[in-house]
Amino acid sequence: MLTFLGKRALAAVPVLLGVVLLVFLILRLIPGDPAQILLFGTKATPERVAELHQQLGLDRPVVVQFLSFLGDLLHGDLGYSYSSHGPVIDEIAERLPYTVNLAVGALLVALLVGVPTGILGGLKPGSVVDKAATAFSVLGLAVPYFWLAQLLILLFAVHLGVLPALGVGGTAALVLPSLSLGLGFAAIITRMLRAALIDVYSSPYILVARAKGLSSGRVLVSHAMRNAASSVTTILGLQIGNLLAGAVATEVIFGRPGLGNYLVQQIGLKDVPTIQGIVLFIAVAYIVINILVDAAHGVLDPRVRKAWAS
Amino acid sequence: MTAEVAGAVPRPDRHRRRLDVGGALVCGASILLVLAVVGAGLLTRYNPTEIVGTARSAPSSAHLFGTDQLGRDVFARTLFGGQQTLTIAALSTLLATVVGVPIGLFAGYVGGLRAGVSMRVMDVLLAFPGILLALIIITIGGTGRGSAILAVGISFVPVFARVVYGSTQRARAEEYIAAAKVVGCSSLRIMVRHVLPVVLIEVVVLASSAIGWTTLLSASLNFLGFGVAPPTAEWGADLGAGTRYIAQAWWISAAPGLAVTLTILLSNFLGDYFAKRLSAPRADVVAATPTELAAAPAAELTTPRGT
């Protein structure tokens, strides 16, 4: 198992380096002098520009600049925000809980809605229930989450007045953002799980399980789901990244002071070090989460371990 | 025996005819949507950026979808807004196709180190989930329509490259490719004349679904304020403006919201339709969402994705 995890992590190294390189290049790819860009909005006196050139090592070769950027990263140093003057890593740490809460809430919604609907659809393909499940997954993929958020606010906050639309006070304030971000992902889970179950139910081992007299519930839980679930775990890993990134618009609508909302503000302010820090943080978190999901996948499915052992 | 044959034959026919009705509906609706957006000026007498009524008045016979926060006609803004959204969506899909397909074709056919490197670059781009890569490009290129097209297009390059890479690799194993090699065709000729036509079927399917995803992404960018500048009408931007007035005037965002939903629905249906019609070998995977597409190689266990 450890070998599997080690190999999986090692395979991620080139991509991690590529991600760091691309994020490093953001500042260099913006047309113009990086020092001028960093001083955007402040008084860019020639002395200040020269000082910054020295400080950032902009006069050194790009390779050296990249290596020092990489070295700083390994020390957990993401540089300083040019709008708040604090370390970027602290700015991220301050806002991260709001984004994580939302991602976890949305994930719960996705699983609690997506898994039962997927099972109901997959058990009786072609039935009325299945048609409803399919309609849900088709619509769930089509309705943009930032409009869904507005519809949910209109229904639950404005008309029924049962849930708060804005703010971060307690669990109640988390319900609507989680629903608006999670329902689209629930639709994907429904679609995947339904297809996987229909596929699994056509295989001979299910027939055997039925023939030996197992109840249909038992067949579902201990036989069919074990195989069908792996399609969902794969999707989950990929979705968590989308939950972190999809939180951007959701946080803006619901006024949550999370990473996404902060990122949008900083893009407006052209605070490049902060943008780099947030983007890098989310991308690395996404890669690490996927390594962990693959590890979980390996625990659940011996075939995955074998594929990596060879 | 004849009875058996007669009994067997009508089935696929009936199947095909039923498919065509659904397909015709989807194609017809898509054409209507595009026509309505292109011919916006013929369908409404209002100028989308001109104040023509009381601010935030509810839908009425004078203003079919009501007026927005400034008193502009929402129906006109939705029709004209589609010109912006669908242009960004179409051009970015084109960009993703034109860049992604050759990368996937080359990497899938040539193989070896160079292919490995180009596909790793695609992996790096895919490591930025969702809207993040587009926001990076917005940071570099600034806001505006051109920048939005570039941002959305580049975000989908790796998706096209991956799909074409996979189908090229499968096509390469076919016997007719070996035959072409035997008769002395050059690699370039085989790629363009023998592999590309097969791969193009999947590209058509992918591109028709991709219009929906690029519509969503370009609307998201505009929603966040990184697209066309006000007062230009655009679905995402108008949805963003409607957020503030949702309690008093839900109709400001209702029409653009429905328009985005309809576009994504039609685009997904078109993808499904082409997948069935052109009988692409991996129709189920191709007519999927970008997340599912990215997951597909991982499901094959040989080249895990997400690294």
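**One residue, then the whole pair**

Modeller: Ile138(B) counts as buried, because its relative accessibility is 2%. Buried means under 20% relative accessible area, exposed means over 50%, and partly exposed is in between, with a 1.4 Å probe and protein chains only. One caution: this is a predicted model, where local features need pLDDT of at least 70, side-chain atom pairs count only at pLDDT 80 or more, and totals for chains, interfaces and linings use all residues. Residues are numbered from 1 along each chain as its sequence is written, chains are lettered from A and ligands numbered from 1 in the order in which they are written, and side-chain values use heavy atoms, with hydrogens and water left out.

Colleague: Where does Ile138(B) lie?

Modeller: In helix H6 of chain B. Helices (H or I, at least four residues) and strands (E, at least two) are DSSP runs, numbered from the N terminus.

Colleague: And what is Ile138(B) in contact with, leaving aside neighbours within four places in sequence?

Modeller: Contact means heavy atoms within 4.5 Å. From chain B, Ile138(B) has Thr143(B), Ser147(B), Ala148(B), Ala151(B), Leu221(B) and Phe226(B). Ile267(A) is also in contact with Ile138(B).

Colleague: How far is Ile138(B) from Asp68(B)?

Modeller: Their C-alpha atoms are separated by 28 Å. Along the chain, the two are 70 residues apart.

Colleague: New topic. Is Ser118(B) buried or exposed?

Modeller: Buried, because its relative accessibility is 19%. Ser118(B) sits in helix H5 of chain B, residues 112–126. Beyond its neighbours within four places in sequence, Ser118(B) is in contact with Ile103(B) and Ala107(B).

Colleague: OK, the interface. How many residues does each chain give to the contact?

Modeller: Chain B gives 52 and chain A gives 54.

Colleague: What area do they bury between them?

Modeller: About 4500 Å², with 79% of it on carbon and sulfur atoms. Buried area is the accessible area (1.4 Å probe) that two parts lose on being put together, summed over both.

Colleague: What about the chains as a whole?

Modeller: Chain A has 13 helices and zero strands. Chain B also has 13 helices and zero strands. Buried residues make up 48% of the 310 residues in chain A. In chain B, they make up 54% of 307.

Colleague: Where does helix H8 of chain A bend?

Modeller: At Gly182(A), by about 35 degrees. The bend is the angle between axes fitted to the seven residues ending there and the seven starting there. H8(A) is mostly covered, with 21 of its 30 residues buried.
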